[in-house]
Amino acid sequence: MTEKFDVIVIGGGPGGYVAAIRAAQLGLSTACIDMNTGKDGKAALGGTCLNVGCIPSKALLDSSKHFHHLQHDYAAHGIQVTDPSIDIKTMISRKDGVVKKLTGGVAQLFKANKVKQFHGRGRLSADHRVEFTPHASSETIMLEGKDIILAAGSVPIAIPNVDFDGEYIIDNVGALDMTEVPKRLGVIGAGVIGLELGSVWTRLGSEVVLLEALPDFLPATDQDIARQAARLFKQQGLDVRLGTLVKSATVADGEVKVLLEDKNGETEMAFDRLLVAVGRKPYTEGLLAEDSGVEINERGQVSVNEQSQTNVPGVWAVGDCVRGPMLAHKASEEGIAVAELIAGKAAHIHFDTVPWVIYTDPEIAWVGKTEQQLKEDGVAYRSGSFPFAATGRGLAMGDAAGMVKMLADEETDEVLGVHIIGPSASELIAECVVTMEFHGASEDLARIVHAHPTLSEAVHEAALNLDKRAIHRGN
Ligand code: FAD
Ligand code: NAD
């Protein structure tokens, strides 16, 4: 017998599980199929983000940051600690605990909202039928949904002649689960994962070398911010080699030998572990039966329009498996919008105001256009900035590296982009996103009262500096 639902979601990551909860809140009978299994062998909702992405990486970033501060920064506060040490197994099990709490929390939310959870693989066929193969079984069950939401996420990209073995040559999953600090950690790709996980292991004592193919560091980031980041990360011991192509990696005698080519020709480097972090690709393997009719584009993404509709009426797709940035909050907002559209409500997402955050120390966060993009687009703009070193709060905290940079339209003063490197950049960016969502001007931010002493005063002063009237710096 075919079980019928209003909505069937395939994938239980931040795109899928949020869509399922919102659909259920709107009174639609909803099922969510997710095949992920946690370390304990049981179903673990939350997808890449909760299990092997956003959350575990932030847990390890926080643990390693405490350890780093203990060793390098507390003495300035008069706090003396002799021979601090870190137990990596405890750090990893704390991370696993955080993951379990959150993935279990999603299961609880499903129960509370009456979302029916299916642990196993889902495959879409014609006429909104979904073939469900339960975990650890080969028998299939047929489900049918009035609407279907595909939220299958993404997987790491592999590069030729560098084969993942799960032990020496690893992806994010392996790098989040090492139980010893590798003496030498090679990272292919100086992007978001490379920088975040490279930071974790550098702080714990690894010699980390990032091998980046492109000649520029963080090319998508505003270049003033990228330059500061490169300088600060170098001081922290991250060795970023730009313009470096990895030709092959082989495991022998307990180490990984990497053959690479840079402007000086070919060289070999040896590492104890090699993390490959060269981007992710949509995961659509086994998702669509031949008769599903759903189009996949040339980039391997499920093709969707602005409203996340595929070419098949009633079949929608969200998150990493479709166009747009591969970010958890983008996936979730798409999930909510689709659930609301299915329920007959109006919904849309402004892709122009999706914030980005890189959780290094200092954090990097931005929203909107970079200065280089405005120049390319021929937009006339004004720029203002303010260093955290001139904020009372940053100095009091002993955490004052970095700055806020704001870009606004020369004529209308509408804020077009804000770029932050500094303490709590991930939180400070929210105010800037709100301003841009409301088409606010730099003058609006300049006139809003910001509490003193706070880091947000740097946002305020950057807005003032845009009009050459910052108080605590020269204009
Ligand atoms: P996913 O989270 O990938 O979930 C998809 C789910 O669907 C998975 O559980 C998968 O097993 C399941 N699935 C796939 N196919 C099927 C099928 N046929 N049947 C059943 N189940 C299926 N983003 C941020 O915004 N902030 C961060 O700090 C951040 N940190 C990250 C750190 C790392 C190390 C990584 C790797 C990623 C990070 N991301 C971060 C990106 C974020 O994890 C993704 O953008 C987000 O998880 C995408 O959500 P999703 O729902 O589209 O897919
Ligand atoms: P990325 O796109 O951020 O960085 C990949 C880097 O690898 C780029 O700099 C690229 O030039 C480089 N590269 C590509 N091929 C290479 C090669 N053959 N040799 C050397 N370098 C090469 O990708 P990522 O770091 O793997 O992360 C994947 C995605 O996951 C991110 O784009 C982001 O969407 C998401 N993510 C987000 C966060 C966050 O929001 N804080 C954290 C981690 C991951």
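**Exercise 1.** Is Glu207 buried, partly exposed or exposed, and what is the relative accessible area of Glu207? Describe also the salt bridge of Glu207 with Lys183.

*Solution.* The model is predicted, so local features need pLDDT of at least 70 and side-chain atom pairs count only at pLDDT 80 or more, while totals for chains, interfaces and linings use all residues. Residues are numbered from 1 along each chain as its sequence is written, chains are lettered from A and ligands numbered from 1 in the order in which they are written, and side-chain values use heavy atoms, with hydrogens and water left out.

Step 1. Buried means under 20% relative accessible area, exposed over 50%, and partly exposed in between (1.4 Å probe, protein chains only). With a relative accessible area of 44%, Glu207 is partly exposed. Lys183 is exposed, at 54%.

Step 2. A salt bridge is a side-chain nitrogen of Lys or Arg within 4 Å of a carboxyl oxygen of Asp or Glu. The side chains of Glu207 and Lys183 meet in such a bridge, at 3.3 Å from N to O.

Step 3. This pair links distant parts of the chain, 24 residues apart: Glu207 lies in strand β9 (residues 207-211) and Lys183 in the loop between α5 (172-175) and β8 (184-188). Helices (H or I, at least four residues) and strands (E, at least two) are DSSP runs, numbered from the N terminus.

**Exercise 2.** At what angle do helix α3 and helix α6 pack? Characterise their contact.

*Solution.* Step 1. Helix α3 (residues 54-72) and helix α6 (residues 192-203) pack at about 35°, their axes being 8 Å apart. Axes are lines fitted to C-alpha atoms, for helices over the stretch in contact, and angles run from 0 to 180 degrees between N-to-C directions.

Step 1. Contact means heavy atoms within 4.5 Å. Among the contributors are Leu60, Leu61 and Phe67 of α3 and Leu197 and Val200 of α6.

**Exercise 3.** Which residues of helix α1 are buried?

*Solution.* Step 1. The buried residues are Gly16, Tyr17, Val18, Ala19, Ala20, Ile21, Ala23 and Ala24. Because 8 of the 10 residues of α1 (residues 16-25) are buried, the helix is largely enclosed by the rest of the structure.

Step 1. The cover over these buried residues includes β1, β2 (30-34), α4 (88-113), β3, β5 (141-150) and α8.

Step 2. Just after α1, Gly27 takes a positive phi of about 90°.
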